[in-house]
Amino acid sequence: MIDMKSAMLLSLSHLPACTAAAFAREEMPLPVITIADAGGGVHAQADGTGYLEEYIADVDVYAPSRESLESLSIQADQALSQMGLRRIAQQDFYDEIAYAWRKHLRYRCLLQGEIIYQ
């Protein structure tokens with residue numbers, strides 16, 4: 001299976017992206033995009049042999065203003081959609097812990113070897 005987190009970071013390399021574990025506002029100034037594994041599973045054939053893997057990722061966009069949040073979110077969504085991921089949820093709110101506007105996005109794809117299916 002493809003290392004999806006690394007592939008997503010590569011796809012977002014033109015944007016300020018990191019893994020969720022690496023984000024600390026003191027170390028990475030805003031704006032920033034974080035990526036975290038959120039789930040997945042294996043789809044099996046009738047005989048029990050796995051053939052497709054499901055991957056779900058959480059992407060959080062943090063920005064100091066709503067305008068920069070929207071701009072960065074659109075760019076991230078375009079990059080991840082071109083990669084083959086499909087956005088299945090989104091939520092906007094002010095994150096009082098990070099002191100930033102935050103857009104939480106959830107993406108899903110199916111994998112077969114090195115092939116990504118929406």
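This is a predicted model: local features need pLDDT of at least 70, side-chain atom pairs count only at pLDDT 80 or more; totals for chains, interfaces and linings use all residues.
Gln112 counts as partly exposed, because its relative accessibility is 35%. Leaving out residues up to four places away in sequence, Gln112 touches Tyr51, Leu52 and Tyr117. If you look for Cys18 on the screen, you will find its C-alpha atom 25 Å from that of Gln112, and along the chain the two are 94 residues apart.

Staying with strand 5, which partner does it have in strand 4, and in what sense do the two pair? Strand 4, residues 86-95, and strand 5, residues 100-112, run antiparallel to each other, and nine bridges join them. To pick out one of these positions, Gln90 has Leu105 in strand 5 as its bridge partner. Four residues lie between the strands of this hairpin, and there Tyr99 adopts a positive phi near 50°.

Now let me turn to helix 2, which covers residues 66-83. Helix 2 is made of 18 residues, and the distance from its first C-alpha to its last is 26 Å, close to the expected 26 Å at 1.5 Å a residue. Its buried residues are Leu69, Leu72, Ser73, Ala76, Asp77, Ala79, Leu80 and Met83. Where do these buried residues fall when we look down the helix axis? They fall within an arc of 165°, and so they line one face of helix 2. On the face turned away from the buried side, helix 2 carries the exposed residues Glu67 and Gln82.

What do the buried residues of helix 2 pack against? Their neighbours are helix 1 (4-11), strand 2 (32-44), strand 3 (50-63), strand 4, strand 5 and strand 6 (115-117). After helix 2 comes Gly84, with a positive phi near 120°.

Asp77 has a relative accessibility of 17%, and because the cut-off for buried is under 20%, Asp77 counts as buried. Apart from residues up to four places away in sequence, Asp77 touches Arg87 and Tyr107. With Arg87 the contact is also a salt bridge between the side chains, at 3.1 Å from N to O. This pair links distant parts of the chain, since Asp77 belongs to helix 2 and Arg87 to strand 4, 10 residues apart. Is Arg87 buried or partly exposed? Arg87 is partly exposed, because its relative accessible area is 38%.

That brings me to the salt bridges in general, of which the structure holds eight. As background, side chains of opposite charge can pair when their charged atoms come close. A second example is formed by the side chains of Asp60 and Arg102, at 3.1 Å from N to O. Asp60 lies in strand 3 and Arg102 in strand 5, so this pair ties together parts 42 residues apart in sequence. Both Asp60 and Arg102 are buried, and together with Asp95 they are linked in a network of salt bridges.

A further salt bridge joins the side chains of Asp37 and Lys5, at 3.8 Å from N to O. Here again distant parts of the chain are linked, with Asp37 in strand 2 and Lys5 in helix 1, 32 residues apart. Asp37 counts as partly exposed because its relative accessibility is 47%, and Lys5 counts as partly exposed at 23%.

Finally, let us look at the nonpolar residues inside. The largest nonpolar core has 23 residues, and those touching the most other members are Met4, Met8, Leu12, Ile33 and Val59. Helix 1, strand 2, strand 3, helix 2 and strand 5 each supply at least two residues of this core. Which element gives the largest share? Helix 2 does, with six residues. As for Met8, if we set aside its neighbours within four places in sequence, its contacts are Ile35, Tyr55, Ala57, Val59, Leu80, Met83 and Leu85. There is also a second, separate core of six residues, and among its members are Leu30, Val32, Ala98 and Ala100.

Conventions
Residues are numbered from 1 along each chain as its sequence is written. Side-chain values use heavy atoms; hydrogens and water are left out. Buried means under 20% relative accessible area, exposed over 50%, partly exposed in between (1.4 Å probe, protein chains only). Contact means heavy atoms within 4.5 Å. Two strands pair if DSSP finds at least two bridges between them. The expected span of a helix is 1.5 Å times one less than its number of residues. The arc is that of the directions from the helix axis to the C-beta atoms. A salt bridge is a side-chain nitrogen of Lys or Arg within 4 Å of a carboxyl oxygen of Asp or Glu. A nonpolar core is a set of buried Ala, Val, Leu, Ile, Met, Phe, Trp, Tyr and Cys residues joined through side-chain atoms within 4.5 Å.
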